[in-house]
Amino acid sequence: MGKFHLVYYISMGTPTIEASLEKAETYLAHGVKALQFDLPSRNPYRETPFIRARMAKAWETYGGYEPFLKALTEFRRKHPDFEMQMVSYEDVILTIGTTRYIEFCKQNNIRTCRISGDGVIERARMDMNAAGIDTLTFIDYNLPEKDVEFAVQTGRAVMLRNVREGMEPRDGMVSWDERIRFLRGRGVTAPIYATASITCGASLLEAKQAGAAGAFGLCSRPQAVRAGIRFPEGDGRVSPQPVRLPGTGAAERSARRRGNGIFLPAGRARHLGSPSGAGGLVRGCLTLFPPPRVRRVLKPDRGESPLSGCVSGPLP
């Protein structure tokens, strides 16, 4: 994976596969180097209600996975150079078939997949690992012993989660630094990625300084820049002061209170933190508002979501 980096998440298929890939195009046009695509699960138990609803709608629309695999393969053909990752639940893998899934990953140079599930799906993970595809291991905030032992045993990269509700910290370890040091001391040598509750520049920087290889988090582009993320010159460049459209202040304050991104009517460009429109709020999801030339990618009045994920780029 190289230097500390972050990955944008693309929720596929709602309202259409084509619309999802238009959003992915927008990310790449603004200098993003890594994208993670999901495939709709019928039981996405680790996801937020927002993502669950999107997956349910995508499955209702398509009822199978070949349209997704074919569209993503064509997208990869057009964009061969970015880091491409996948997110799949066990029902997705079992429906597609392990052989077909591995074939798809190898064809598109996908080397990292987040595979959720236990039991029979472990056989699929082992087959994927044998094919050179890393499957990430989850370890929760409270560092369950069985998960720690499993990570040491398999040598897979770790997604160290920070969701704390209903959990007590193990031996008082609450910070990223304490938990990552503990895992290293126990023999976890694979990359460790911080995930969940990466909602501001400070938490992003803390994870980086703690020795995480990267992060899957939720923060705005301006916050990430303050934490040291570097972006290419040009369209993805961040300006010192955001430019605000009249009448959006109240919506922004309301969104901050609710912990949501801002939804604007179709046809209105939102420039927050960048002359080209990149950047945005953040808590429940990052909102990357499109520049004028792609502002109709989002149509909130038709039930579409903002672009969600987190910024991508190396830290020094």
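A residue counts as buried when its relative accessible area is under 20%. The exercises below apply to a predicted model.

**Exercise 1. Determine whether phenylalanine 37 and phenylalanine 82 are buried or exposed.**

Solution. Step one: the relative accessible area of phenylalanine 37 is 0%. The cut-off for burial is under 20%, so phenylalanine 37 is buried. Step two: phenylalanine 82 has 7% relative accessibility and therefore also counts as buried.

**Exercise 2. Describe how strand β3 is covered and which strands pair with it.**

Solution. Step three: strand β2 (residues 8–10) pairs with β3 in the parallel sense, over 3 bridges. Within this pairing, tyrosine 9 has glutamine 36 of β3 as its bridge partner. Step four: β3 also pairs with strand β4 (residues 83–89), again in the parallel sense, over 5 bridges. Here leucine 35 is bridged to methionine 84 of β4.

**Exercise 3. State the handedness of the unit made by β2, helix α1 and β3.**

Solution. Helix α1 comprises residues 17–29, and together with β2 and β3 it makes a β-α-β unit. This unit is right-handed.

**Exercise 4. Classify the aromatic pair of phenylalanine 37 and phenylalanine 82, and locate its two members in the chain.**

Solution. Step one: the model contains 9 aromatic pairs. Step two: in the pair of phenylalanine 37 and phenylalanine 82, the ring centres are 6.4 Å apart and the planes lie at 65 degrees. Planes over 60 degrees apart count as edge-to-face, and the pair is accordingly edge-to-face. Step three: phenylalanine 37 belongs to strand β3, whereas phenylalanine 82 lies in the loop between α3 (66–78) and β4. The two residues are 45 apart, and the pair thus links distant parts of the chain.

**Exercise 5. Classify the pair of tyrosine 101 and phenylalanine 104, and explain their separation in helix α5.**

Solution. Step one: the ring centres of tyrosine 101 and phenylalanine 104 are 6.4 Å apart, and because their planes are at 55 degrees, the pair is tilted. Step two: both residues lie in helix α5 (residues 98–107), 3 residues apart, so about one helical turn separates them. Step three: tyrosine 101 and phenylalanine 104 are both buried.

Definitions and conventions. Residues numbered from 1 in each chain as written. Predicted model: local features only at pLDDT ≥ 70, side-chain atom pairs only at ≥ 80, totals over all residues. Heavy atoms only, no water. Buried < 20%, exposed > 50% of the residue type's maximum accessible area, 1.4 Å probe, protein only. Helix = DSSP H or I, 4+ residues; strand = E, 2+ residues; numbered from the N terminus. Pairing = 2+ DSSP bridges. Right-handed = clockwise from strand over helix to strand, strands pointing away. Phe/Tyr/Trp six-rings, centres within 6.5 Å; stacked < 30°, edge-to-face > 60°.
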